[in-house]
Amino acid sequence: MKDFLKKSKASLFDFLKIKEKTIDKTLSNRVDSTRFVVLDTETTGFDHENDRILCIGVVTLQNGVISIPDSFEIYIHQEHYDKSSAQIHGILKDWVMDKPSELEALQQFLTFLGDAIIIAHHTIFDITMINRALERNGLPILTNKTLDTAYLYKKTLIMSNLLERKDHYALDDLADKFDISKKDRHTAMGDAYITAIAFLKIVKKLKDLKGKKEFTLIDLFKY
């Protein structure tokens, strides 16, 4: 029995070492050399269970550059539609004629996404909406690492009793702070682009605060 326990402990220790090496290898990559996909969804509403995704917009970010040619935008055919939300996103039910089904759109999105790290503003909403759609269509939920610009932005703010910090920072707040155009605000691709620019600005501020020239994923994820 003692030998069995020793072997079990040794096996567990070896597994943890392998796991730790795998995690360290991934997170030791430089931020600049990592492929990020910055995404936004436009939806019929904010109910994860009953509302549906109308559009997914994605831009790719690598080597500190937003690659517009390497972008992804897809409008999705949905039976469920809420006219009141159209006042925000402007997507009309029959606006795009040849929209793929939810399943087809998700399959295309997953192919584009690959194993990239996902960035979004208030990430939990977009990821939850996508995961609910994946579950409805019998597909596995996302396992990609994620970053939230709303959370990261707070880490750039100076802690001071003289400055008022908000609990919630909208994408408009970041656009105003970093002087980013809001021309295409409330479109999936437009919001993804704003988020990508904001992320680059945030990373620069975090680098400056830390006083480091090289910034790895470990530096980013530990915030």
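Strand 2 and strand 3 pair in the antiparallel sense over eight bridges, where two strands count as paired if DSSP finds at least two bridges between them. The model is a predicted one, in which local features need pLDDT of at least 70 and side-chain atom pairs count only at pLDDT 80 or more, while totals for chains, interfaces and linings use all residues. Residues are numbered from 1 along each chain as its sequence is written, and side-chain values use heavy atoms, with hydrogens and water left out. Helices (H or I, at least four residues) and strands (E, at least two) are DSSP runs numbered from the N terminus.

**The sheet**

- The bridge partner of Val59 is Ser71 in strand 3, and strand 2 and strand 3 form a hairpin with two residues between them, where Asn63 in the turn has a positive phi of about 55°.
- The open sheet has five strands in the order 3-2-1-4-5, with mixed pairing; its edge strands are strand 3 and strand 5 (146-148), each of which pairs on one side only.
- From one strand to the next the twist averages 25°; for such angles, axes are lines fitted to C-alpha atoms (for helices over the stretch in contact), and the angles run from 0 to 180 degrees between N-to-C directions.
- Strand 1 and strand 4 run parallel and are joined by three bridges, and Phe36 stands opposite Ile117 in strand 4.
- Helix 4 packs on the sheet, where it touches strand 1, strand 2, strand 4 and strand 5, and its direction makes about 75° with that of strand 1; contact here means heavy atoms within 4.5 Å.
- Helix 7 (residues 188-210) also packs on the sheet, touching strand 1, strand 2, strand 3, strand 4 and strand 5, with a direction that makes about 30° with that of strand 2.

**The chain as a whole**

- The secondary structure comes to eight helices and five strands, which follow one another along the sequence in the pattern α-β-β-β-α-α-β-α-β-α-α-α-α.
- Of the 223 residues of the chain, 43% count as buried, a term that means under 20% relative accessible area, with exposed being over 50% and partly exposed in between (1.4 Å probe, protein chains only).
- The chain exposes about 13300 Å², of which carbon and sulfur atoms supply 55%; accessible areas come from the Shrake-Rupley method with a 1.4 Å probe, and for residues only the protein chains shown count as cover.
- Among contacts between residues at least 6 apart in sequence, 66% join residues at least 24 apart.

**Helix 3**

- At 1.5 Å a residue, the twelve residues of helix 3 (residues 102-113) should span 16 Å, and the end C-alpha atoms are 16 Å apart, which agrees; the expected span is 1.5 Å times one less than the number of residues.
- Glu102, Ala105, Leu106, Phe109, Phe112 and Leu113 are the buried residues named in helix 3. They cover an arc of only 125° around the axis, which puts them on the same side of helix 3, the arc being that of the directions from the helix axis to the C-beta atoms.
- An α-helix has 3.6 residues a turn, so residues three or four places apart point the same way.
- The cover over the buried residues of helix 3 includes strand 1 (36-43), strand 2 (53-62), strand 3 (65-75), strand 4 (117-120) and helix 4 (123-136).
- Helix 3 is followed by Gly114, whose phi is positive, near 60°.

- Ala175, in helix 6 (residues 171-177), is buried, with a relative accessible area of 2%; not counting residues up to four places away in sequence, Ala175 touches Ile180, Lys182 and Ile194.
- The C-alpha atoms of Ala175 and Ile197 are separated by 8.8 Å, although these residues are 22 residues apart along the chain.
- Phe221, in helix 8 (residues 217-221), is partly exposed, with a relative accessible area of 27%; leaving aside neighbours within four places in sequence, Phe221 is in contact with Leu27, Ile117, Lys145, Thr146 and Leu147.
- The C-alpha atoms of Phe221 and Leu27, which lie 194 residues apart along the chain, are separated by 8.3 Å.

**Positive phi in the loops**

- His122 lies in the loop between strand 4 and helix 4 and has a positive phi of about 60° although it is not a glycine; His122 is partly exposed, with a relative accessible area of 28%.
- Asp179, in the loop between helix 6 and helix 7, is a residue other than glycine with a positive phi near 55°, and at 71% relative accessibility Asp179 counts as exposed.
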